[in-house]
Amino acid sequence: MKKLNLNEHPHRRFNPLTGEWILVSPHRSKRPWQGQVEEVPVDKLKKYDPDCYLCPGNTRAGGKKNPEYKNTFVFNNDFSALKPDTPFNEFNKNGILKAQGEPGICRVVCFSPRHDLTLPEMTKEEIRTIVNTWVNQYDELGSMPEINHVQIFENKGIMMGCSNPHPHGQIWAQQTIPDEPRKEFLQLSQYYDLNNSCLLCDYLQLELDIKERIVLENDDFVALVPFWA
C-alpha cells in the first residue's frame, strides 16, 4: 500500500480541541497565483493625532471626551456589539426560525497614550501594565453573575478590519459561551476523563519532541503552528 505523505497527499487532520476534521491539500500551495497581492502598508504615525478618537483628550465618535490618560485607558465601547440591557428572551417560529437575546458588555482597552506605538514596540514595563489591565478586567467582568464568558482580543492592522491605528484591543463579555470555546471545553473535559491528563499539555510535549512547527520558545511560552491549522 502506498504510504501517506503529509507534505504531498490530500488528507484530513483531526482537531482535538473541536472534535472536527479539517481537509488539507498541501500540493495546492504549488499552484500559480495571479490573484490579488496585498501591499504592506507603511505606517508613518504621529505620537499624537488630533483627529484620532482614541488619543488622550480627544472627543470620541460617540461624543464623549477621553481623559488625559498616561498608560492604559478602558471604556465601554461607544458602538458596542453587546448591550447589558438586552432582554434574554427567545424567539421561536415552528422550531425553525429561532433567536435569543444576548446581553453583554463590550469594552475598548487603549494600550498607550502614544498613537504610534504597537504592542511589540513597547517596553516590558508598559506591556506588564497592559497585562495587568487585562487581568483586572477579566476578574471584574467575570465576577458578574450575568457574565459567563470573557474574550480579550486585538484586531491589528487594516487587513484585519481594525478601525483605528491607535494601539488598542477589545473585551467582549457575554451571558452565553460562544460555540468555539464551548466545543473546546467539551473536548478538553472528555480527553481528561479518558486519559487522566491535560490535552494541551500532552500536545505541547509532542510538538516540543517533534520540533517541526515551533516558531519560538523560551522558559515561559511556546509559539507554534498547530498540526491541524
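Visitor: What makes a polar contact between the side chain of Asn164 and the backbone nitrogen of His166?

Guide: This is a predicted model, in which local features need pLDDT of at least 70 and side-chain atom pairs count only at pLDDT 80 or more, while totals for chains, interfaces and linings use all residues. Residues are numbered from 1 along each chain as its sequence is written, and side-chain values use heavy atoms, with hydrogens and water left out. A polar contact is a pair of N or O atoms within 3.5 Å; within protein, one must be able to donate a hydrogen and the other to accept it, and residues adjacent in sequence count only if both atoms are side-chain atoms. A polar side-chain atom of Asn164 lies 2.8 Å from the backbone nitrogen of His166.

Visitor: Why is Asn164 called buried?

Guide: Buried means under 20% relative accessible area, exposed over 50%, and partly exposed in between (1.4 Å probe, protein chains only). Asn164 has 10%, so Asn164 is buried.

Visitor: Which residues does Asn164 touch, not counting those up to four places away in sequence?

Guide: Cys52, Tyr53, Leu54 and His115. Contact means heavy atoms within 4.5 Å.

Visitor: Why does Asn94 count as exposed?

Guide: Its relative accessible area is 68%, so Asn94 is exposed. Asn94 also has a positive phi, near 60°.

Visitor: Why is Asn196 called exposed?

Guide: Asn196 has 59% relative accessibility and therefore counts as exposed. Phi of Asn196 is positive too, near 55°.
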